[in-house]
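Dear colleague,

Please find the structure below, handed over for your own work. My findings follow directly after it.

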Amino acid sequence: MLLAPIRAWLERVPCAELARPGSRLLLLDLHSQSLFNLRLAERSRGADEVSIFSPLGARLLGARVGEQVKLDGYGSGWRLLLVQVQPG
């Protein structure tokens, strides 16, 4: 399964501030200066969840607090700052 190597890598990283499946993330949209919450999930089941297989989820997976995540292709792009990670 594809997730096994990813899970093994994430388990070796001893950082509570690392975004992993199940984490609740507080993000700052650097364009609008608005904060919002997302849950990082294997499969998205609601409006406040993002799948690790989506373009945004793939970029957030493994990100640390303070990192900027950029998603190209949506107008001028979408830049987010990872403000907080809560383990899921």
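Phe36 is partly exposed, with a relative accessible area of 22%, and Trp78 is likewise partly exposed, at 27%. Here buried means under 20% relative accessible area, exposed over 50% and partly exposed in between (1.4 Å probe, protein chains only). These two residues form the one aromatic pair that the structure holds. Their ring centres are 6.0 Å apart and their planes lie at 5°, so the pair is stacked (centres of Phe, Tyr or Trp rings within 6.5 Å, the six-membered ring for Trp; planes under 30 degrees apart are stacked, over 60 edge-to-face, the rest tilted). Phe36 belongs to strand β2 and Trp78 to strand β5, 42 residues apart.

The model is predicted: local features need pLDDT of at least 70, side-chain atom pairs count only at pLDDT 80 or more, and totals for chains, interfaces and linings use all residues. Residues are numbered from 1 along each chain as its sequence is written, and side-chain values use heavy atoms, with hydrogens and water left out.

The protein chain has two helices and five strands, in the order α-β-β-β-α-β-β (DSSP runs numbered from the N terminus: H or I of at least four residues, E of at least two). Of its 88 residues, 36% are buried.

Yours sincerely
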